[in-house]
Amino acid sequence: MTEASVPHSSAGRHLARALFLGARWHQWRGRPQRALQLCREAVRHADYPRADALMARLTLPGEIYYDVLARIHAHLRPATYLEIGIARGESLQRVLPDTDVIGIDPQPQLPEPASARQRIVTATSDEFFAQHDLRAEFGGRALDLAFIDGMHRFEYALRDFINVERWCAPHSVILMHDCYPLDARTSQREQRTRFWSGDIWRLLLLLREQRPDLTVRTIATPATGLGIVLNPNPASRLLAERHDQLVESYLAKDFSVLEGRKPEALGLLPNEWPAIRALLDARPQRAL
């Protein structure tokens with residue numbers, strides 16, 4: 001999530017706060033549907049991210065995505081890990097100490113120096129991939145695990161996916177943040193609300209429709225889902241060769257294409273570790 005200053009009236013904000021507090025009370029009383037209704041009403045009066053966050057929690061219960069990331073790292077024990085968009089390094093803190101890491105961000109804001117096995121590259125992901133051979137950077141090894149959490153716009157995430165898949169092997173796992181939008185209001189390409197996920201949902205839709213060879217699901221973890229892609233094919237050129245056409249086609253899709261079918265369209269997977277682990281264990285295993 002990122003934040004932006006969004007104008008609102010004082011009266012609207014006070015009303016939104018009152019509705020949010022009512023929602024919290026109903027949540028405490030075990031009435032999640034009434035709590036959701038009040039949250040939706042609150043954000044109609046003002047940009048109130050606490051109401052958005054509560055809606056996300058009610059819609060996608062369970063462990064937050066940082067905790068799910070930690071479980072995935074502990075289960076897979078990746079030898080190599082790539083992260084695009086490291087920001088303050090909260091997700092890097094979930095990486096195991098024996099994993100070799102490359103983190104890419106044009107403006108990293110790590111509060112402490114990275115560990116000895118974590119290399120932070122200050123660049124955009126496009127710049128990095130244009131200048132580096134990722135397999136060589138990892139000493140001739142394939143990429144075991146990647147996490148894409150850079151620009152919150154579909155076409156940037158698509159380029160990142162294309163570039164990441166080139167360096168994968170059949171066992172590799174690609175994760176992507178912000179894949180299950182809360183609503184149309186908070187998933188615009190231009191940020192107009194403080195709680196914001198951008199239009200990464202378009203990438204999940206594209207991959208599920210255009211790449212049936214992949215396993216593409218969205219883990220239902222708050223706040224806005226964690227996309228997971230298995231069975232990558234580094235030899236595939238479909239996305240790269242049809243890039244411009246696909247970008248134009250999927251940018252033309254309105255959020256309404258998800259109405260009434262969002263779980264099915266984005267391949268929602270329960271935020272339950274046994275289900276996530278079973279999905280991971282069904283993929284090809286890393287060659288020893």
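**Close-up views of a pocket and a helix pair**

**View 1. Helix α7 gives the most to the lining of the largest pocket, with three residues.** The model shown here is a predicted one. The largest pocket has a volume of about 790 Å³. Its lining is made up of 32 residues, and those closest to the pocket centre are Gly85, Asp105, Asp149, Gly150 and Met151.

**View 2. Helix α4 packs with helix α12.** A packed helix pair is described by the angle between the two axes and the distance between them. For α4 (residues 65-76) and α12 (residues 273-281), the angle is about 40 degrees and the axes lie 11 Å apart. That angle makes α4 oblique to α12. The crossing of the two helices, α4 and α12, is right-handed.

**View 3. Side by side, these are the residues where α4 and α12 meet.** From α4 come Val68, Arg71, Ile72, His75 and Leu76. Their partners in α12 are Trp273, Ile276, Arg277, Leu280 and Asp281. Which classes make up this contact of α4 with α12? The contact has six nonpolar residues, three charged ones and one polar one.

Terms used
Residues are numbered from 1 along each chain as its sequence is written. This is a predicted model: local features need pLDDT of at least 70, side-chain atom pairs count only at pLDDT 80 or more; totals for chains, interfaces and linings use all residues. Side-chain values use heavy atoms; hydrogens and water are left out. Axes are lines fitted to C-alpha atoms, for helices over the stretch in contact, and angles run from 0 to 180 degrees between N-to-C directions. Helices (H or I, at least four residues) and strands (E, at least two) are DSSP runs, numbered from the N terminus. Angles under 35 degrees count as roughly parallel, over 145 as roughly antiparallel, 65 to 115 as roughly perpendicular and the rest as oblique. A crossing is left-handed if the near helix is turned anticlockwise from the far one by less than a right angle, and right-handed if clockwise. Contact means heavy atoms within 4.5 Å. Ala, Val, Leu, Ile, Met, Phe, Trp, Tyr, Cys and Pro count as nonpolar, Asp, Glu, Lys and Arg as charged, and the others, Gly among them, as polar. On a 1 Å grid over the protein atoms alone, a cavity is a set of points where a 1.4 Å probe fits but cannot get out, and a pocket is an open set with protein on both sides within 12 Å along at least five of seven lines; lining residues have an atom within 4 Å of a point. Grid points are joined across faces, edges and corners, and a volume is the space filled by probe spheres set on the points.
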